[in-house]
Amino acid sequence: MATREREPTMNDAPLLEVTDLSVHFPVTEGVVRQRTIGAVRAVDGVSFTLRRGETFSLVGESGCGKSTTAMAVLRMQPLTGGRIVFDGTDITTLTPAAMRPFRRRIQMVYQDPYGSLNPRMTVRDIIGEPLVVHGLAGDRKTYAARVAELMELVGLLPAMAGRYPHEFSGGQRQRIGIARALALDPDLVVCDEAVSALDVSIQAQVLNLLMDLQQRLGLTYLFISHDLSVVRHLSDRIGVMYLGRIVEVATRDDLFGAPQHPYTRALLDAVPIPSPEREAERPHRVIPGEVPSARNPPPGCPFHPRCPHALPQCRTDAPALSARPDGRLVACHL
Amino acid sequence: MMTAPADQTAPLLEIEDLSVAFRTERGLVRAVDGANLTLRAGETLALVGESGSGKSVTALSILGLLGDNARVERGRILFEGEDLLRLDRRALRGIRGHRISMIFQEPMSSLNPVLTIGRQVAEPIRLHQGRSWPEALDQAAELLARVAIPDPRERLAQYPHHFSGGMRQRVMIAMALACQPRLIIADEPTTALDVTVQAQILELLKTLTRETGAALLLITHDLGVVARYAERVAVMYAGRIVESASARALYGTPRHPYTEGLMASVPSLTGEPRARLLTISGQPPDLADLPPGCAFAPRCPHVHELCRGTVPALQPATGTSDRDHRSACHGYP
């Protein structure tokens, strides 16, 4: 199999539609007789849509449910509720066998370039393994040629295919992870904190690579990150998550130009800008408190204990994610 | 705990020609190589660099906290005029946690999990100020209140696992402030924290250093944090300081190609979205196998013959608004 260079598509139907997704983890008590005494609502009613060829990012702080959402989309995490439609097919309840052809089309790049590559496999076999698993490896020559093609695609020298992961730097390892994700020529690539472990000079190389590959191959990205500067650089649209819910969805320019949800505003205020002049002019507003536990979320709007504008209503009613006149979605009573 | 306004001219800390080497399986690795650094009283200096650049080793050598396999090969670390490298363990203990204190990246692993928070915060007060436990605990409660930990009295009896990451880092700051230090060294103090909590902790550090007149040596890889909080910056690469200047001069007129490369490769909230980021080609060098000459030469877009043979010295830079701007580059005299 070869890497397709997709034409810009005329297909307006979304590639992925996630509706009211929930992932709850049971909290148990007792050792011999385990009783369920509660649930961690890691993801609680999340809905979003990915258009073909775009980069949609889920951004938020630790424990907001962004990675769990990604795992659920890949069907690597059992759902408590909700629906996942990929390219027109409801994949929510597909059996593992029926899911297989879709696994080819949805691939993942992981955060940790050290932990996610098997140290006892050569780079050739790490990159080629998905081909073998899906019975697409062909004969030795085809296999080697495909791996070489993938290595070139991500900027690695094919001559290094016989080496082991420890012989590569962090940035090169992340390229290996990207090559493996591309081996099956997927439509959707889920990047979970794919550049977070890298030093800035290497991070820039990998970000450029991800943008090049998207353009060349027409990929759609679901990008999971806590880094707002990276998200702004890469994304077309962004969903901001807080405590298992999406609080705002908007295009990049709307979200960063005029954030509407008080949490989005607080996040942007907290991110320092690498310019002493700009920082000197900017007010340094800080919101109090920390993200509450997902096991005991506050009633009403999950953000109200930290919100500078909370109304009495916010303490009792959770606001729904609803459309504003400019097309963005915001979950806020204000 | 207010002190007189700090003298802005006298150097509080002067590191001169510091070299630190580690014995490893692959031979001697020089993690810090001829570093020079000056920190004035009350000033915030950021030490910036990527992993392995030597910034943390520099900090640990100030406190004499290097491991057994490390050796200071040469140099001086003058703190208030006294060479810390010549002090014996006992004298150094008198300074550590007293006049110089440190905040580490991982608040969980730097707190003892089996001792109460009160015991840990009160201990330096008891040791360095000779207070009784009840007195020290009273003072510990005041310190927790100062770093905005609610219900400080009740919190004293709790253990580190009862605290969130941000609250633990507040405890670390309370401990660092316990003895009114003149210098606080913070090694990536917010790297493990979420961004809204990072902002809280850094604002707190800024307020407290202002109030107490303590100088802050802030070790970080985050150029945004540097721009927001530091007055002066030193950039490290492969164990050497390659540039130092006021924050404004460093960001406005960088005088080293590595600094320029770093600035250009960071996406920011104000940059051009989706534009190609300028990158620094290649990888950071292997410290066990450094090239002769400038360590940045193999990645430098402006490299010439001289760079490959001779290590450039840190010298006053031209074309900058800062008189103390220094750069170690043959191309930027």
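Colleague: A:Arg35 counts as partly exposed, at 44% relative accessibility. Which residue forms a salt bridge with A:Arg35?

Modeller: Keep in mind that this is a predicted model. The closest N and O atoms of the pair are 2.9 Å apart, inside the 4 Å limit, so the pair counts as a salt bridge. The partner of A:Arg35 is A:Glu29.

Colleague: Now for A:Glu248 and A:Arg328, whose side chains meet in a salt bridge. How many residues apart in sequence are the parts this pair ties together?

Modeller: The N to O distance here is 2.9 Å, and both A:Glu248 and A:Arg328 are buried. For the salt bridge between A:Glu248 and A:Arg328, A:Glu248 lies in strand E10 of chain A, while A:Arg328 is in the loop between strands E11 and E12 of chain A, so the parts tied together are apart in sequence by 80 residues.

Colleague: Let's move to the interface. Which residue of chain A forms a salt bridge with B:Arg228?

Modeller: The closest N and O atoms in this pair are 2.8 Å apart. The pair crosses between chains, from helix H8 of chain B to helix H10 of chain A. The partner of B:Arg228 is A:Glu279.

Colleague: How many salt bridges does the rule find across the interface of chain A and chain B?

Modeller: One that joins the two chains is B:Arg276 with A:Asp212, at 2.9 Å from N to O. Over all chains, the structure holds 32 salt bridges. Across the interface of chain A and chain B, the number is three.

Colleague: And which element gives the most residues to the side of chain A that touches chain B?

Modeller: Start with the polar contacts: the rule finds 28 residue pairs across this interface. The elements of chain A that give two or more residues to this side are helices H6, H7, H8, H9 and H10. With 11 residues, the one that gives the most is H6(A).

Colleague: On that side of chain A, how many residues are nonpolar?

Modeller: The contact takes 50 residues from chain A and 45 from chain B. Of the residues on the chain A side, 15 are polar and 13 are charged, while the number of nonpolar ones is 22.

Colleague: About how much area do chain A and chain B bury between them?

Modeller: Carbon and sulfur atoms carry 55% of the buried area. Chain A and chain B together bury about 4,100 Å².

Methods
Residues are numbered from 1 along each chain as its sequence is written. Chains are lettered from A and ligands numbered from 1 in the order in which they are written. This is a predicted model: local features need pLDDT of at least 70, side-chain atom pairs count only at pLDDT 80 or more; totals for chains, interfaces and linings use all residues. Side-chain values use heavy atoms; hydrogens and water are left out. Contact means heavy atoms within 4.5 Å. Buried area is the accessible area (1.4 Å probe) that two parts lose on being put together, summed over both. A polar contact is a pair of N or O atoms within 3.5 Å; within protein, one must be able to donate a hydrogen and the other to accept it, and residues adjacent in sequence count only if both atoms are side-chain atoms. Helices (H or I, at least four residues) and strands (E, at least two) are DSSP runs, numbered from the N terminus. Ala, Val, Leu, Ile, Met, Phe, Trp, Tyr, Cys and Pro count as nonpolar, Asp, Glu, Lys and Arg as charged, and the others, Gly among them, as polar. Buried means under 20% relative accessible area, exposed over 50%, partly exposed in between (1.4 Å probe, protein chains only).
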